[in-house]
Amino acid sequence: MPGHTDNEITVNAPVELVWDVTNDLPNWPELFSEYASIEILEKSGNTTRFRLAMHPDENGVVWSWVSERTVDRAGLTVKARRVETGPFAHMDIHWEYGEAPGGGTRMRWVQDFAMKPEAPIDDAGMTDRINHNSRIQMELIRDKIEKLERDKRKTVTGRR
């Protein structure tokens, strides 16, 4: 059975800020703890093709791949896929944003994938890994955006 993950978090900030920060690709190495660098390869309309590189793993290996990401600002969604799939047979990612009940922004990431037979991990193992890491990254992103929002409010009210 192919891999599937579905993770979401509420960010105590307006959807516009959450959208802008999480879709600022050149800033991803500062936003995500796992990415060391990003190189924008091509931009056409709402679609960007880019290369991501991770920090070296415990064996000193730097994992890198090319992805393509299409944003729909009006619909508050993003569709992404790995172009260079590496150990994946395919990897498709859907991000969606919306107003959260009680305020703030609900950010949701859904990933559908399958591992290649020769991959060092199977679909179930990768599902566990992605679920674990998504929660870590979402909490980190939430904390960074909420700090930006607090700092913005302090500046607007004149408090520092």
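Glutamate 149 and lysine 152 sit three residues apart in helix α3, so about one helical turn separates them. Their side chains form a salt bridge (3.7 Å, N to O), a term for a side-chain nitrogen of Lys or Arg within 4 Å of a carboxyl oxygen of Asp or Glu. The model is predicted: local features need pLDDT of at least 70, side-chain atom pairs count only at pLDDT 80 or more, and totals for chains, interfaces and linings use all residues. Residues are numbered from 1 along each chain as its sequence is written, and side-chain values use heavy atoms, without hydrogens and water.

**Helix α3**
- Glutamate 149 is buried at 7% relative accessibility, where buried means under 20% relative accessible area, exposed over 50%, and partly exposed in between (1.4 Å probe, protein chains only).
- Lysine 152 is partly exposed at 43%.
- Aspartate 151 and lysine 147 also meet in a salt bridge (2.7 Å, N to O); they are four residues apart in helix α3 (residues 123-157).
- Helices (H or I, at least four residues) and strands (E, at least two) are DSSP runs, numbered from the N terminus.

**Strands β4 and β5**
- A salt bridge joins the side chains of glutamate 68 and arginine 81 (3.3 Å, N to O).
- This pair links distant parts of the chain, with glutamate 68 in strand β4 (residues 64-72) and arginine 81 in strand β5 (residues 77-82), 13 residues apart.
- Glutamate 68 is buried at 18% relative accessible area, whereas arginine 81 is partly exposed at 35%.

**Whole structure**
- The whole structure contains eleven salt bridges.
- Asp6, Glu8, Glu96, Arg106 and Arg108 are linked in a salt-bridge network.
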